[in-house]
Amino acid sequence: MAFPLIALAATVLPELVRLVAGDRAGTVATAVEQAVQATTGTADPVDAKQRLDQDPAAAAALRTRLAEIAVEQERLQLEAAEKQRAVEFATLQARIADTQGARAAMLQLSGNRDPMRWGAPVVSVTVTLMFVLALFIFTSSESFIAQGNREMVNIILGALVAAFTAVINFWIGSSQGSREKDATVRVLQATQAEQASTALNAQSQQASAAMASQTQQAKDAITSLRSVAEAARSPAAPAAAGQPRNQAFERAVALILENEGGFSNDPRDRGGMTNFGITARTYADFHGLALESVGEATMRALTREQAIEIYRSNYWNAACCDRLPPGLDLCVFDFGVNAGVRRAILLLQELVGVTQDGSVGAITLAAAAACDPAELIERYAERRLAYYRSLENFDAFGRGWTLRTTRMRDAAMQMARARQPAMA
């Protein structure tokens, strides 16, 4: 059975791919298809994607519903595993009980006046008589052996010798040893049964604890996703877009240029030649040129206005900063300039608790809008400094990076505070 909406659902919640692949019955895929169709109102994948792109609230609601399906499937899988362990434990207990019951029955027969107690003596006497008779025949009748029956004689003697040896061992040779062995076996069986029971109980408790922990984590995730969905539906989510975003960019890029300065070609800087903070590679990519064709003269000729347009296209717009809350837009913008747009976005997504895919969409924007601005800006600055400290050239540039991060954090805090009275 085909499920054309699964691919679309996987872009909304990538964790579904693993669950759908492991669901042979197709129940997860069916539930996902129904959720996407109910949210978008269509069974056509292309039409459904267009509607989700145009309606952030619907996309957030779909993500919440898909997360609930994923949590339910995880719960069912854990319950199935728990039932399988319970079956294995019951099977082991039954085997141990059968073994102990059989040995107890043997001991009881030998101790009571049961007719079955004569079974072993009768068999032993029969085997002994047959062995003695065979020996008598074979030793007194040389003609029988000489008539080509040597192979048959060997087979019969071999079988009788084995049977007679077992009788001797049973009655004489190992009677005390057998009793000691039986006692030892019973002790070992009891010990193994107790150890197996303890191990299975411990595994069962661990599985129950893990299932409870994962269930609670899943519930927390669903609660968080629901709050994100509510934020996406509320008028507060697009509030950042209502402010003069061109003015916000101009303020942010002015702060960037203050920190970047003019032309530089420090050999310790892995970015190489820069002017207004724009590297030669960034300049070449922006203008569609080969890197080798961008020399020092070209970089020195870069104007402030040209640098601003590169910042607007390659960093501000690429990180959707015009849709982020005031102050946070500056943090993401500046870190993207200094360490790469993708890294800046991934850090933001990590801090707001959404899927880290390096792309700012409705879910990331709604989650950022739902956070406390000052707290998020502070945490972003702390994680940014931690990243710088992990770099091998921190000794050379660490002081400047730290000072820049601190300045941007303070400026972002002022922007966030200036926005709060207006929102109130």
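Trainee: What is the relative accessible area of Cys 371?

Mentor: This is a predicted model, in which local features need pLDDT of at least 70 and side-chain atom pairs count only at pLDDT 80 or more, while totals for chains, interfaces and linings use all residues. Residues are numbered from 1 along each chain as its sequence is written, and side-chain values use heavy atoms, with hydrogens and water left out. Buried means under 20% relative accessible area, exposed over 50%, and partly exposed in between (1.4 Å probe, protein chains only). Cys 371 is partly exposed, because its relative accessible area is 24%.

Trainee: Which cysteine has the closest sulfur to that of Cys 331?

Mentor: Cys 331 is itself buried, because its relative accessibility is 5%. A disulfide is counted for a pair of cysteine sulfur atoms within 2.5 Å, and the count by this rule is zero. At 9.9 Å the closest cysteine sulfur is too far from that of Cys 331 for a bond; it belongs to Cys 321.

Trainee: What is the mean pLDDT of the protein chain?

Mentor: pLDDT is the predictor's confidence in each residue, from 0 to 100. Over residues 231-243 it is below 50, and where pLDDT is low, the predicted coordinates should not be read in detail. In the protein chain 67% of residues reach 70 or more, and the mean pLDDT is 76.

Trainee: How many helices does the protein chain have?

Mentor: Elements are DSSP runs numbered from the N terminus: helices are H or I with at least four residues, and strands are E with at least two. The secondary structure of the protein chain comprises two strands, and its helices number 18.

Trainee: How many residues are in the largest nonpolar core?

Mentor: A nonpolar core is a set of buried Ala, Val, Leu, Ile, Met, Phe, Trp, Tyr and Cys residues joined through side-chain atoms within 4.5 Å. Those with the most contacts inside the largest one are Tyr 311, Val 332, Phe 333, Leu 348 and Tyr 380. Helices that each supply at least two residues of this core include α13 (304-316), α14 (328-339) and α15 (341-352). The number of residues in this largest core is 61.

Trainee: How many residues of α14 are buried?

Mentor: Among the buried residues of α14 are Asp 329, Cys 331, Asp 334 and Gly 336. α14 is followed by Gly 340, whose phi is positive, near 110°. α14 is mostly covered: of its twelve residues, the number buried is eleven.

Trainee: How far apart are the end C-alpha atoms of α15?

Mentor: The expected span of a helix is 1.5 Å times one less than its number of residues. The twelve residues of α15 should therefore span 16 Å, which agrees with the model, where the end C-alpha atoms are apart by 17 Å.

Trainee: Which helices do the buried residues of α15 pack against?

Mentor: Val 341, Ala 344, Leu 348 and Gln 349 are among the buried residues of α15. Contact means heavy atoms within 4.5 Å. The buried residues of α15 pack against α13, α14, α16 and α17.

Trainee: Which residues does Thr 282 contact, leaving aside its neighbours within four places in sequence?

Mentor: Thr 282 lies in helix α11. Thr 282 counts as buried because its relative accessible area is 14%. Beyond those neighbours, Thr 282 is in contact with Ile 310, Asn 314 and Tyr 315.
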